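Take a moment to look over the sequence and the fold before you start.

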Amino acid sequence: MTAIPAAKSQAATVTATAASAFGRPASVSCLAPSASFHVGPNPQARSDSGGTVSTTAPDGMTSFESAFNNLLVSTFRSIERYEESVLREQSGMNITIAEAHFIEAVARAQRDNPEGVTVTLAAETLGVSPPTATAAVNRLVAKGLIEKTRGKKDARVVNLSLTREGEKAYRLHAVFHQQLAHALLHDLSAQECDALVSGIRKVQAFFSTSTDQAGAGQTQTHQEV
């Protein structure tokens with residue numbers, strides 16, 4: 001299998017920048033007036049009479065917030081585009097990232113539930129709604145990556161399983177992530193790795209908590225209605 005094409009230079013730039021930002025001691029906020037580092041160039045930044053660089057971007061964010069937001073969004077989009085292009089190139093399949101993740105969810109669910117994987121179970125594994133999962137299943141069945149079979153004990157139950165091509169896509173996806181992690185971490189020191197992981201965990205915790213709160217809010221709204 002072809003290794004991930006020269007990702008080291010891009011990976012090193014992104015991860016070193018993130019490690020630098022996230023590596024600041026927890027007692028000092030990135031947004032504190034004393035913060036002297038930046039995520040990237042920001043033409044709106046200017047020095048005040050005290051010599052510090054601090055300004056508010058046109059969208060209401062500070063220079064650091066604006067630069068960090070741009071880095072976060074562009075990194076997320078770059079990972080998705082890169083993953084999809086590599087997966088398509090190596091597999092020769094017309095497959096999206098969302099479909100690759102659904103295939104992975106079915107494979108994981110199969111491993112934990114050998115008796116059968118329903119659409120509902122696959123949806124729970126991936127964290128999406130059953131209607132979203134059903135639409136994904138129909139697309140993947142049409143592409144020959146997932147097949148439906150009737151339950152052995154209950155014919156009313158429809159189980160999902162990966163076809164041979166689906167298994168191939170799953171293996172390629174798993175190898176991609178293994179190679180990606182190696183490429184991203186290869187040129188970082190142990191200290192930079194620790195800082196990067198610590199920072200990403202905080203970001204993950206924020207999104208996880210925010211998602212749970214949003215879900216709880218929607219549930220409460222539905223109950224009130």
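Helices (H or I, at least four residues) and strands (E, at least two) are DSSP runs, numbered from the N terminus. With that in mind, helix α4 is followed by Gly127, whose phi is positive, near 85°. You are looking at a predicted model, in which local features need pLDDT of at least 70 and side-chain atom pairs count only at pLDDT 80 or more, while totals for chains, interfaces and linings use all residues. Residues are numbered from 1 along each chain as its sequence is written, and side-chain values use heavy atoms, with hydrogens and water left out.

**Helix α4 and its buried face**

- Helix α4 covers residues 119–126, and its buried residues (buried means under 20% relative accessible area, exposed over 50%, partly exposed in between, with a 1.4 Å probe and protein chains only) are Val119, Ala122 and Ala123.
- Seen down the axis of α4, these buried residues fall within an arc of 100°, so they line one face of the helix; the arc is that of the directions from the helix axis to the C-beta atoms.
- What do the buried residues of α4 pack against? Their partners are α3, α5 and β2 (158–162), where contact means heavy atoms within 4.5 Å.

**Salt bridges**

- Side chains of opposite charge can pair when their charged atoms come close.
- A salt bridge here is a side-chain nitrogen of Lys or Arg within 4 Å of a carboxyl oxygen of Asp or Glu, and by this rule the count comes to four.
- Glu99 and Arg139 form one of them, at 3.5 Å from N to O. This pair links distant parts of the chain, with Glu99 in helix α3 (residues 97–112) and Arg139 in helix α5 (residues 130–142), 40 residues apart.
- Glu99 also meets Lys143 in a salt bridge, at 2.8 Å from N to O. Lys143 lies in the loop between α5 and β1 (146–150) and Glu99 in helix α3, so the pair ties together parts that are 44 residues apart in sequence.
- Together, Glu99, Arg139 and Lys143 are linked in a network of salt bridges.
- Is Glu99 buried or exposed? Glu99 is buried, with a relative accessible area of 4%. Arg139 counts as partly exposed at 42%, and Lys143 counts as partly exposed at 36%.
- Another salt bridge joins the side chains of Arg108 and Glu104, at 3.7 Å from N to O. Both residues lie in helix α3, four residues apart, about one turn of the helix.
- Arg108 is partly exposed, with a relative accessible area of 27%, and Glu104 is partly exposed too, at 25%.

**Aromatic pairs**

- A pair of aromatic rings is described by the distance of the centres and the angle of the planes.
- Rings of Phe, Tyr and Trp (its six-membered ring) pair if their centres lie within 6.5 Å; planes under 30 degrees apart count as stacked, over 60 as edge-to-face and the rest as tilted.
- How many aromatic pairs does the structure hold? There are three, among them a stacked pair of Phe64 and Phe68, 6.2 Å centre to centre with 10° between the planes.
- Phe64 and Phe68 both lie in helix α2 (residues 63–91), four residues apart, about one turn of the helix. Phe64 counts as buried at 14% relative accessibility, whereas Phe68 counts as partly exposed at 24%.
- Phe206 and Phe207 form an edge-to-face pair, 5.2 Å centre to centre with 70° between the planes. Phe206 is exposed, with a relative accessible area of 51%, and Phe207 is partly exposed, at 42%.
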